[in-house]
Amino acid sequence: MRKVKISALGCYTPERVLTNFELEKLVATSNEWILERTGISERHIAGPEMATSDLAFEAARVALAQRGIDASELDAILVSTVTPDMMFPSTACLVQNRLGARKAWGFDLVAACSGFVYGLTTGAHLVGGGTHQKVLVIGADTMSRIIDYTDRGTCILFGDGAGAMLLEPLAETDDANAGFLDFLGEIDGSGGDSLYMPAGGSRLPASAETVRDRKHYVHQDGAQVFKYAVRKMYEICQNLLARNGLTAKDVGVMIPHQANRRIIIATAERLGIDCEKVVINIERYGNTTAGTIPLAARDALQSGRLKKGDLVLFAAVGAGYTVGAALWRWAM
Ligand code: UT7
């Protein structure tokens, strides 16, 4: 497999910000409780005119502009999302059309909060296999559309956002050690009913009853997901580092999925990764599902915490359950 690098990164969050104080008016909660139990202070919410493909398109535009290329150069577009504009066509098709990416093929990938890590790995293999030169991987979710704003256990957690990374072969001028290094994934369907949206698919198509029973919203057993996430995020990272002959000390920057600040801190502590190396921006965005990892990478780049040559550990656990971790050496 040839070496693959991340050559551009673009993100988008809608303008509207929903604060904890506003949520206090919707459900029996408090700013203090949300901050202490999750680390979240505010999240961005898409206006009624926007859908997931719009967030994805905006993030893609930023990434392409950063690299200075036209969308017609893209070979493939992969969109990780659990909130597509509609069941079909795929969000990838909608984004391809809006971008004018004439020669790109692509598809949507459903892996919830692990979606971006899975998409990045799939894209890396397309480029690494030698058949693709430029693959755009997008993580985008409009979670506000499937959140029940009468359920205090879920409505405080999620926000809307998108991020895109462009993947290309490593150039001769790049450090030969940079780019994609390894990935480990795991799925465990036995945890499917801990976090899911019951209706709207072929099992329970939309009906007056499903709407009445609020089955088109996210249903979650928060405590169950929390315990699973803390255990599996640690395990997958530990196994990935070990099989590469690495330890926590070798990690330059850890960019985890942002579901709960306590999950992230507990994982980092168990791994023995210094908290200063762990990117946490959940305070401003909440959990944007497939959008969290590129948003965190963007913030880390902008603040100077993520630099060329850093060994980056991406990690996520999400609905499914889905679990994934990847090692990259940053090349930008
Ligand atoms: O990306 C994967 C997606 N999801 C996750 O990773 C979520 C993982 N889970 C979590 O983040 C946490 O479980 C939550 C933030 C959802 C809940 O926090 P917790 O510390 O696990 O609370 P809990 O569910 O154990 O509930 C403790 C108490 C309960 O009250 P009682 O029964 O002790 O009287 C809840 O009813 O806190 C109550 N509670 C709240 N109180 C104020 C639950 N949500 C709220 C709230 N405000 N928003």
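This is a predicted model: local features need pLDDT of at least 70, side-chain atom pairs count only at pLDDT 80 or more; totals for chains, interfaces and linings use all residues.

**Backbone**

I started at Tyr 321, which sits in the loop between strand S12 (311–318) and strand S13 (322–329). I looked there for the peptide bond from Gly 320 to Tyr 321, which is cis, with omega near -5°.

I found another cis peptide bond between Phe 88 and Pro 89, where omega is about 0°. Pro 89 belongs to the loop that runs between strand S4 (76–80) and helix H4 (91–99).

Next I checked phi. Arg 214 has phi near 60°, a positive value in a residue that isn't glycine. I placed Arg 214 in the loop between helix H6 (208–212) and strand S10 (219–220).

**Domains**

I then went through the contacts, and 50 residues of domain 1 touch 45 residues of domain 2.

How much area is buried between domain 1 and domain 2? I get about 3,700 Å², with carbon and sulfur atoms giving 66% of it. On the domain 1 side, Cys 113, Val 117 and Tyr 118 lose the most area to domain 2, together 16% of what that side buries.

**Ligand**

Then the ligand. I listed 23 residues around it, and the closest are Thr 29, Arg 37, Arg 152, Gln 220 and Asn 260. Which domains does the shell draw on? Both domain 1 and domain 2 give at least three residues each.

By element, helix H2 (31–38), helix H7 (222–243) and helix H8 (261–271) each supply at least two shell residues. H7 gives the largest share, four residues. Sorting the shell by type, I have twelve nonpolar, eight polar and three charged residues.

The side chain of Arg 37 puts an N or O atom 2.8 Å from an oxygen atom of the ligand. The side chain of His 257 also has an N or O atom by a ligand oxygen, at 2.9 Å.

Last entry: how much of the ligand does the protein cover? On its own the ligand has 940 Å² of accessible area, and the protein covers 70% of that.

How values were computed:
Residues are numbered from 1 along each chain as its sequence is written. Side-chain values use heavy atoms; hydrogens and water are left out. A residue is near a molecule or strand if one of its heavy atoms lies within 4 Å of it. A polar contact is a pair of N or O atoms within 3.5 Å; within protein, one must be able to donate a hydrogen and the other to accept it, and residues adjacent in sequence count only if both atoms are side-chain atoms. Accessible areas come from the Shrake-Rupley method with a 1.4 Å probe; for residues, only the protein chains shown count as cover. Ala, Val, Leu, Ile, Met, Phe, Trp, Tyr, Cys and Pro count as nonpolar, Asp, Glu, Lys and Arg as charged, and the others, Gly among them, as polar. Domain bounds come from an automatic or database domain assignment. Contact means heavy atoms within 4.5 Å. Buried area is the accessible area (1.4 Å probe) that two parts lose on being put together, summed over both.
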